[in-house]
Amino acid sequence: MSTTTQPDDTTHRPRVLAIDAGGTMTDTFIVDGAGAFVVGKAQTTPQDESIGFMRSSTDALEQWGMTPEQGFPEITSAVFSGTAMLNRVLTRGGLKVGIVVTRGMEDYLRLERGKQTFLSFSYGDRLHVNTHYHNEPLVPRGRIHGVRGRIDLHGEEIIPLLEEEARDAARALLADEVEAIVVNLLFCYRNPSHELRVLEILAEEQEQAGTSIPVFASSQLYPVSGDLPRLNSTLLEAYAAEPSRQTLRRVSDKTKAAGAGFDLRVMAAHGGTISIETNELARTMMSGPIGGVVGGDYLAKQLEQRNVLCTDIGGTSFDIALITDNRFDINNKPDAARMLLSIPMVGIDTVGAGTGSYVRIDPGSNRPEIGPDSAGARIGVSWPDGGVETVTITDLNLVLGRLNPFNFLGGEITLDLDRARDEIQRQIAGPLGLSIEEAAEGIIELFETSLRNEAVGRILGKGYSPVDYTLLCYGGGGPLHVAGYTAGVPYQKVLVPAWAAGFSAFGCACADWEYRYDTTIDGAIPPADASGELSGSDDIRAEINAAWAELEGKLEAEFAKSGVGRDGIRFVHGLRMQYLGQLNDIEVSSPVARLDTNAELSRVVEEFEDVYERVYARSARSPEFGWGITEAFVVGTSEIDKPVLPLHHETDEPAVPRETRPVYWAGAFVDTPIYELDELRAGQSVDGPVILEAPATTFPVPPGRRATMNRHNIIELEEI
């Protein structure tokens with residue numbers, strides 16, 4: 001699918017390359033020096049993501065009459081996002097890791113915490129012992145060794161480290177031939193001395209044994225409070241990030257073999273991009289969905305939309321994120337792969353519902369169940385080569401005529417309509433006592449109703465209304481279902497970019513080169529006095545300034561790996577704050593880089609008050625309690641070239657359909673006009689029922705809805 005801001009005969013010089021290797025498709029987004037862009041698509045190749053990447057890049061560059069060998073040498077910046085690391089965790093396919101912890105805490109991974117055992121479960125599954133289960137530990141109990149020694153919550157040593165126990169643990173793990181070692185001791189974020197000594201002992205024992213394996217200390221990587229999330233985050237570095245680094249290096253090697261001179265970067269959880277050689281590579285585990293939200297934020301600012309609901313449907317999931325007052329949430333204790341983490345992450349809610357979701361009939365209740373498991377890149381029973389035996393949402397869309405079996409992925413794959421009908425009859429329609437089309441339409445309606453409730457619930461849960469938000473739809477399956485999950489909801493606008501299928505890759509191209517580091521601070525700011533002035537805050541200001549200075553040093557070191565000096569970095573300082581006595585904190589950017597006076601600290605407090613009012617309500621503010629500081633953070637940014645939105649002249653000519661075909665709408669087949677989505681021009685509208693087809697996606701417009709292409713190559717969907 002091609003989208004450009006320039007005429008076709010313009011010579012393009014690629015500048016930015018962005019890749020999103022999702023569970024089903026790999027999208028490539030390439031931007032030229034004038035901001036024009038093009039999207040390529042290919043099936044994801046989980047066994048080696050570099051293969052799917054090269055196929056997708058070739059597909060994109062062909063639209064500009066280029067090969068990778070011609071285009072890659074022109075590119076100055078490349079960003080990758082993918083699911084390999086996440087899949088490695090989900091399938092328990094990581095490295096053989098050993099762990100050293102404080103004695104008495106060896107059962108961390110078996111016991112977990114209550115919240116972690118509930119992650120991804122429905123309410124009913126949480127209640128029943130036969131459906132509620134603990135995670136399979138990434139590291140078995142036998143490779144977790146305890147060492148006596150204790151730092152207290154104030155950072156004071158109350159029990160010296162028993163070094164001989166650390167040596168015994170090191171020797172046992174090396175004898176067990178582990179491939180990496182993680183060290184996570186209690187309150188190490190307040191005082192890392194015990195962890196640092198354990199690192200020295202591990203290095204001494206490795207030298208004596210003649211071995212060399214990587215060692216990961218939580219105090220160096222994630223020096224924040226929350227013992228289990230800190231351990232999980234550090235463990236992910238050893239277990240999944242290190243082997244994923246090899247995958248990224250293969251992708252980088254493929255680009256360099258084609259003549260590229262750029263260094264590959266990865267989309268990070270906080271919304272920026274980082275080097276594949278960074279120490280904290282686990283920050284990139286959820287890189288794909290993050291790219292979509294960053295793209296949504298960039299697009300919202302370009303279109304002057306302050307409040308946007310981002311919705312992304314792929315083959316495996318439905319991802320939802322809110323942008324309110326041009327800000328997206330950052331969660332400092334998120335979860336991923338049923339693990340609590342200490343990695344700052346863009347706030348995204350994920351539902352196990354995508355176009356590849358399996359559809360089954362519960363034999364007990366005789367009711368349909370959708371997902372949460374998915375066929376992913378194997379599509380469904382309609383693609384025999386995928387080896388799928390269970391009906392998927394894609395199969396249902398196919399029998400309803402909404403998908404063209406001969407134009408899936410632009411004709412690269414031919415779907416078997418007869419096989420889909422046979423399996424739907426056997427697995428779904430027969431048990432329900434319905435026709436194939438009735439069963440398919442009913443389950444699609446159930447699927448879309450579920451998505452609609454999830455999207456609306458995300459807004460209502462924040463105390464807002466859909467009328468306050470514009471809904472942005474993207475992902476390969478987004479246009480296929482957007483009319484269904486927005487039906488009857490009074491959003492300000494419903495926007496579907498023509499490049500929706502590659503939107504997460506677009507978001508990666510919009511992201512700045514950015515690192516972020518956080519550290520825990522436990523401090524309090526007393527309430528203001530009668531005159532409104534803060535006082536008695538010298539200690540907390542000194543602690544914040546020291547933390548910011550340390551984090552700035554870490555940022556400089558990371559940028560230096562890629563040849564960027566301090567002069568090329570823009571620093572943003574911030575804190576996580578709450579009213580004293582509250583459980584939840586919120587993130588606040590500081591208007592100043594140092595807090596040398598109480599007046600400057602007052603400016604930070606005022607910023608907190610403003611953010612708190614937007615998140616909750618003015619009446620909820622409680623400055624009489626004083627303020628707690630839980631974390632300090634610094635973000636370092638180096639800007640890159642970004643895409644420019646297309647800006648086309650509107651035409652008065654009506655759109656002309658390519659053909660018609662029978663499509664099932666509201667209980668009957670109707671001869672429906674089929675339009676080429678890529679040929680729809682600015683100003684052209686089509687009234688449903690119609691189908692808009694592109695190589696990378698399909699956009700059904702049902703009766704009663706109108707789709708209009710605007711000047712930015714974005715389709716506006718509305719009621720008529």
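This report describes strands, helices, cysteines and backbone features of a predicted model.

## Basis of the description

The model is predicted, and local features are reported at pLDDT of at least 70, side-chain atom pairs at pLDDT 80 or more, while totals for chains, interfaces and linings use all residues. Residues are numbered from 1 along each chain as its sequence is written, and side-chain values rest on heavy atoms, with hydrogens and water left out.

Strand β12 (residues 264–267) has pairings with β5 and with β13: 3 bridges join it to β5 (residues 77–82), in parallel, and 3 bridges pair it with β13 (residues 273–275) in the antiparallel sense. Arg 265 takes part in both, as the bridge partner of Val 79 and as the partner of Ser 275 in β13. The hairpin of β12 and β13 has 5 residues between the strands, and Gly 271 takes a positive phi near 105° there.

Strands β22 (residues 357–361) and β23 (residues 368–374) pair in the antiparallel sense over 4 bridges, with Val 359 opposite Ile 370. Their hairpin has 6 residues between the strands, and Asn 366 in the turn has a positive phi of about 60°. Strand β22 is mostly covered, 4 of its 5 residues being buried, where buried means under 20% relative accessible area, exposed over 50% and partly exposed in between, for a 1.4 Å probe and protein chains only.

## Crossing helices

Two packed helices are described by the angle between their axes and the distance between the axes. The axes of α13 (residues 417–432) and α14 (residues 436–460) come within 9 Å and cross at roughly 80°. The two helices are therefore roughly perpendicular to each other, a class that spans 65 to 115 degrees, against under 35 for roughly parallel, over 145 for roughly antiparallel and the rest for oblique.

The contact involves residues including Arg 421, Ile 424 and Leu 432 of α13 and Ile 436, Glu 437 and Ile 443 of α14.

## Cysteines and buried positions

The structure holds 0 disulfides, a disulfide being a pair of cysteine sulfur atoms within 2.5 Å. The sulfur of Cys 310 is too far for a bond because the closest cysteine sulfur, in Cys 473, is 11 Å away, and Cys 310 is buried at 0% relative accessibility. For Cys 510, the closest cysteine sulfur is that of Cys 508 at 9.0 Å, again too far for a bond.

Helix α16 (residues 503–510) is mostly covered, with 8 of its 8 residues buried; among them are Phe 503, Phe 506 and Cys 510. Ser 537, in the loop between β26 (513–525) and α17 (538–560), is buried with a relative accessible area of 1%.

## Backbone exceptions

Most residues other than glycine have a negative phi, and most peptide bonds are trans. Glu 304 has a positive phi near 60° and is exposed, with a relative accessible area of 71%, whereas Ile 379, whose positive phi is about 70°, is buried at 5%. The peptide bond from Gly 688 to Pro 689 is cis, with omega near 10°, and Pro 689 sits in the loop between β32 (685–687) and β33 (690–693).

Methods
Pairing = 2+ DSSP bridges. Axes fitted to C-alpha atoms, helices over the stretch in contact; angles between N-to-C directions. Contact = heavy atoms within 4.5 Å.
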